[in-house]
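Hi everyone, thanks for making time.

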Amino acid sequence: MSVASSMALAATDLVYIVGGAMLITVGGVNMNIGKKNEPRDLGIVFLSGAIMLLIGVLFDVMSCTSPTNLPAILSSAATAVFDAILWAIGIALTVGKSNLFAMNHLLLYSGIYFLYVTVMAGLGNQILLSLALLFLALQVLTAAIAGYKLNARLQWISGLLAMIDGVLFLILGIVVSLGIPQPLGIVPPS
(Lines give C-alpha, C1' and ligand atoms only; values in the text may rest on other atoms or scores of the structure.)
Protein backbone atom coordinates (compact mmCIF):
# COMPACT_ATOMS: atom_id res chain seq x y z
CA MET A 1 0.00 0.00 0.00
CA SER A 2 1.34 3.41 -0.94
CA VAL A 3 2.00 6.19 1.56
CA ALA A 4 -0.96 8.17 0.18
CA SER A 5 -3.23 5.12 0.57
CA SER A 6 -2.10 4.54 4.15
CA MET A 7 -2.62 8.23 4.93
CA ALA A 8 -6.11 8.12 3.40
CA LEU A 9 -7.14 5.09 5.46
CA ALA A 10 -5.78 6.64 8.67
CA ALA A 11 -7.56 9.93 7.94
CA THR A 12 -10.81 8.14 7.15
CA ASP A 13 -10.56 6.17 10.38
CA LEU A 14 -9.94 9.41 12.34
CA VAL A 15 -12.93 11.07 10.68
CA TYR A 16 -15.28 8.17 11.51
CA ILE A 17 -14.14 7.88 15.13
CA VAL A 18 -14.35 11.65 15.81
CA GLY A 19 -17.66 11.87 13.93
CA GLY A 20 -19.05 9.00 15.99
CA ALA A 21 -17.96 10.59 19.26
CA MET A 22 -19.43 13.97 18.25
CA LEU A 23 -22.75 12.38 17.23
CA ILE A 24 -23.03 10.54 20.54
CA THR A 25 -22.33 13.85 22.33
CA VAL A 26 -24.98 15.64 20.25
CA GLY A 27 -27.44 12.83 20.88
CA GLY A 28 -26.90 12.93 24.63
CA VAL A 29 -27.44 16.68 24.76
CA ASN A 30 -30.52 16.61 22.49
CA MET A 31 -32.02 13.81 24.59
CA ASN A 32 -31.21 15.83 27.74
CA ILE A 33 -29.03 13.10 29.22
CA GLY A 34 -26.90 14.34 32.09
CA LYS A 35 -27.51 16.58 35.05
CA LYS A 36 -26.02 19.77 33.66
CA ASN A 37 -25.40 20.65 30.04
CA GLU A 38 -23.50 23.92 29.94
CA PRO A 39 -23.66 25.48 26.47
CA ARG A 40 -20.12 26.89 26.70
CA ASP A 41 -18.64 23.53 27.69
CA LEU A 42 -20.50 21.86 24.84
CA GLY A 43 -19.19 24.54 22.48
CA ILE A 44 -15.62 23.70 23.49
CA VAL A 45 -16.31 20.00 22.82
CA PHE A 46 -17.69 20.88 19.36
CA LEU A 47 -14.71 23.11 18.56
CA SER A 48 -12.31 20.34 19.62
CA GLY A 49 -14.12 17.88 17.36
CA ALA A 50 -14.11 20.43 14.55
CA ILE A 51 -10.33 20.81 14.83
CA MET A 52 -9.86 17.02 14.73
CA LEU A 53 -12.17 16.68 11.72
CA LEU A 54 -10.35 19.51 9.96
CA ILE A 55 -7.11 17.56 10.36
CA GLY A 56 -8.85 14.47 8.94
CA VAL A 57 -10.20 16.45 5.98
CA LEU A 58 -6.75 17.87 5.23
CA PHE A 59 -5.22 14.39 5.24
CA ASP A 60 -8.06 13.12 3.03
CA VAL A 61 -7.48 15.94 0.55
CA MET A 62 -3.70 15.40 0.54
CA SER A 63 -4.22 11.70 -0.21
CA CYS A 64 -6.39 12.39 -3.29
CA THR A 65 -3.85 11.44 -5.91
CA SER A 66 -6.31 11.61 -8.79
CA PRO A 67 -9.21 13.98 -9.54
CA THR A 68 -11.23 10.91 -10.56
CA ASN A 69 -10.92 9.27 -7.12
CA LEU A 70 -14.63 9.73 -6.34
CA PRO A 71 -14.69 7.90 -2.96
CA ALA A 72 -11.90 10.07 -1.53
CA ILE A 73 -13.43 13.24 -2.94
CA LEU A 74 -16.90 12.40 -1.54
CA SER A 75 -15.38 11.47 1.81
CA SER A 76 -13.53 14.79 1.98
CA ALA A 77 -16.59 16.81 0.95
CA ALA A 78 -18.98 15.07 3.35
CA THR A 79 -16.51 15.47 6.20
CA ALA A 80 -16.02 19.13 5.36
CA VAL A 81 -19.79 19.74 5.58
CA PHE A 82 -19.98 17.92 8.93
CA ASP A 83 -16.96 19.91 10.09
CA ALA A 84 -18.66 23.18 9.10
CA ILE A 85 -21.68 22.24 11.24
CA LEU A 86 -19.41 21.58 14.24
CA TRP A 87 -17.58 24.91 13.78
CA ALA A 88 -20.86 26.85 13.49
CA ILE A 89 -22.48 25.22 16.52
CA GLY A 90 -19.25 25.26 18.54
CA ILE A 91 -18.60 28.95 17.98
CA ALA A 92 -22.24 29.87 18.66
CA LEU A 93 -22.32 27.91 21.93
CA THR A 94 -18.95 29.20 23.10
CA VAL A 95 -19.73 32.85 22.32
CA GLY A 96 -23.26 32.47 23.67
CA LYS A 97 -25.10 34.26 20.88
CA SER A 98 -26.32 32.90 17.60
CA ASN A 99 -28.94 33.28 14.93
CA LEU A 100 -31.04 30.14 15.38
CA PHE A 101 -32.85 30.67 12.09
CA ALA A 102 -29.53 30.70 10.21
CA MET A 103 -28.36 27.66 12.21
CA ASN A 104 -31.51 25.75 11.19
CA HIS A 105 -30.85 26.66 7.55
CA LEU A 106 -27.30 25.29 7.89
CA LEU A 107 -28.70 22.04 9.27
CA LEU A 108 -31.38 21.81 6.56
CA TYR A 109 -29.00 22.33 3.64
CA SER A 110 -26.42 20.01 5.20
CA GLY A 111 -29.07 17.31 5.61
CA ILE A 112 -30.03 17.61 1.94
CA TYR A 113 -26.35 17.33 0.97
CA PHE A 114 -25.92 14.27 3.21
CA LEU A 115 -28.85 12.61 1.40
CA TYR A 116 -26.98 13.15 -1.90
CA VAL A 117 -23.77 11.68 -0.48
CA THR A 118 -25.78 8.75 0.93
CA VAL A 119 -27.02 7.92 -2.57
CA MET A 120 -23.50 8.23 -4.00
CA ALA A 121 -22.07 5.92 -1.30
CA GLY A 122 -24.89 3.44 -1.94
CA LEU A 123 -24.19 3.48 -5.68
CA GLY A 124 -20.54 2.77 -4.83
CA ASN A 125 -21.58 -0.38 -2.88
CA GLN A 126 -20.45 1.10 0.44
CA ILE A 127 -23.31 -0.34 2.46
CA LEU A 128 -22.23 0.54 6.00
CA LEU A 129 -21.10 4.04 5.02
CA SER A 130 -24.38 4.75 3.20
CA LEU A 131 -26.36 3.53 6.23
CA ALA A 132 -24.34 5.80 8.56
CA LEU A 133 -24.77 8.74 6.17
CA LEU A 134 -28.52 8.08 5.89
CA PHE A 135 -28.87 8.27 9.68
CA LEU A 136 -26.74 11.43 9.65
CA ALA A 137 -29.02 13.01 7.03
CA LEU A 138 -32.16 12.04 8.98
CA GLN A 139 -30.68 13.32 12.25
CA VAL A 140 -29.62 16.66 10.80
CA LEU A 141 -32.94 17.16 8.96
CA THR A 142 -34.89 16.28 12.13
CA ALA A 143 -32.75 18.74 14.12
CA ALA A 144 -33.51 21.46 11.55
CA ILE A 145 -37.26 20.81 11.67
CA ALA A 146 -37.16 20.68 15.49
CA GLY A 147 -35.39 24.04 15.47
CA TYR A 148 -37.88 25.61 13.07
CA LYS A 149 -40.88 24.36 15.05
CA LEU A 150 -39.27 24.63 18.52
CA ASN A 151 -40.45 21.06 19.12
CA ALA A 152 -38.86 19.24 22.09
CA ARG A 153 -40.09 15.82 20.92
CA LEU A 154 -38.46 16.20 17.51
CA GLN A 155 -35.26 17.36 19.24
CA TRP A 156 -35.31 14.19 21.35
CA ILE A 157 -35.86 12.07 18.21
CA SER A 158 -32.96 13.89 16.56
CA GLY A 159 -30.85 13.03 19.60
CA LEU A 160 -31.80 9.36 19.40
CA LEU A 161 -30.91 9.29 15.69
CA ALA A 162 -27.57 10.95 16.52
CA MET A 163 -26.79 8.33 19.19
CA ILE A 164 -27.57 5.47 16.78
CA ASP A 165 -25.54 7.15 14.06
CA GLY A 166 -22.63 7.75 16.42
CA VAL A 167 -22.48 4.03 17.14
CA LEU A 168 -22.65 3.28 13.40
CA PHE A 169 -19.73 5.64 12.72
CA LEU A 170 -17.69 4.07 15.55
CA ILE A 171 -18.36 0.62 14.06
CA LEU A 172 -17.37 1.98 10.65
CA GLY A 173 -14.14 3.33 12.16
CA ILE A 174 -13.35 -0.13 13.57
CA VAL A 175 -14.14 -1.78 10.23
CA VAL A 176 -11.84 0.64 8.39
CA SER A 177 -9.03 0.25 10.93
CA LEU A 178 -9.25 -3.55 10.54
CA GLY A 179 -9.01 -3.13 6.75
CA ILE A 180 -12.29 -4.91 5.98
CA PRO A 181 -13.15 -4.18 2.32
CA GLN A 182 -16.53 -3.14 0.92
CA PRO A 183 -19.46 -3.65 1.11
CA LEU A 184 -18.90 -3.11 4.85
CA GLY A 185 -15.72 -1.10 4.59
CA ILE A 186 -14.59 1.57 2.19
CA VAL A 187 -13.22 1.55 -1.32
CA PRO A 188 -9.45 1.23 -0.75
CA PRO A 189 -7.66 4.29 -2.14
CA SER A 190 -5.39 3.58 -5.09
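When I give a packing angle, the axes are lines fitted to C-alpha atoms, for helices over the stretch in contact, and the angle runs from 0 to 180 degrees between N-to-C directions. Also, please keep in mind that this is a predicted model.

So let's begin with H5 and H6. Helix H5 covers residues 127-149, and helix H6 covers 152-178. H5 and H6 pack at an angle of about 160°, and their axes are 8 Å apart. Angles over 145 degrees count as roughly antiparallel, so H5 is roughly antiparallel to H6. The crossing of H5 past H6 is left-handed. What sort of residues make up that contact, by class? There are 21 nonpolar, four polar and two charged residues in the contact of H5 with H6.

Now go to the other partner, H4. Helix H4 runs over residues 100-123, which is 24 residues. From its first C-alpha to its last, H4 reaches 35 Å, close to the 34 Å expected at 1.5 Å a residue. Following H4 you'll find Asn 125, with a positive phi near 60°.

How does H4 sit against H5? They pack at about 160°, with axes 8 Å apart, and that makes H4 roughly antiparallel to H5. H4 passes H5 in a left-handed crossing. By class, this contact has 18 nonpolar, eight polar and no charged residues.

Which residues of H4 are buried? Among them are Met 103, Leu 107, Gly 111, Phe 114 and Val 117. The C-alpha atoms of Gly 147 and Met 103 are separated by 8.6 Å, although the two residues are 44 apart along the chain. Is Gly 147 buried or partly exposed? Buried would need under 20% relative accessible area; Gly 147 has 23%, so this glycine is partly exposed.

Last stop, the core. The largest nonpolar core has 36 residues, and those with the most contacts inside it are Phe 82, Leu 136 and Phe 169. The elements giving two or more residues to this core are H1 (3-30), H2 (39-63), H3 (70-95), H4, H5 and H6. And which helix gives the largest share of this core? That's H5, with nine residues.

Note on methods
Residues numbered from 1 in each chain as written. Predicted model: local features only at pLDDT ≥ 70, side-chain atom pairs only at ≥ 80, totals over all residues. Heavy atoms only, no water. Helix = DSSP H or I, 4+ residues; strand = E, 2+ residues; numbered from the N terminus. Expected span 1.5 Å × (residues − 1). Buried < 20%, exposed > 50% of the residue type's maximum accessible area, 1.4 Å probe, protein only. Parallel < 35°, antiparallel > 145°, perpendicular 65-115°, else oblique. Left-handed = near helix turned anticlockwise from the far one by under 90°. Nonpolar A, V, L, I, M, F, W, Y, C, P; charged D, E, K, R; others polar. Core = buried A, V, L, I, M, F, W, Y, C linked by side-chain atoms within 4.5 Å.
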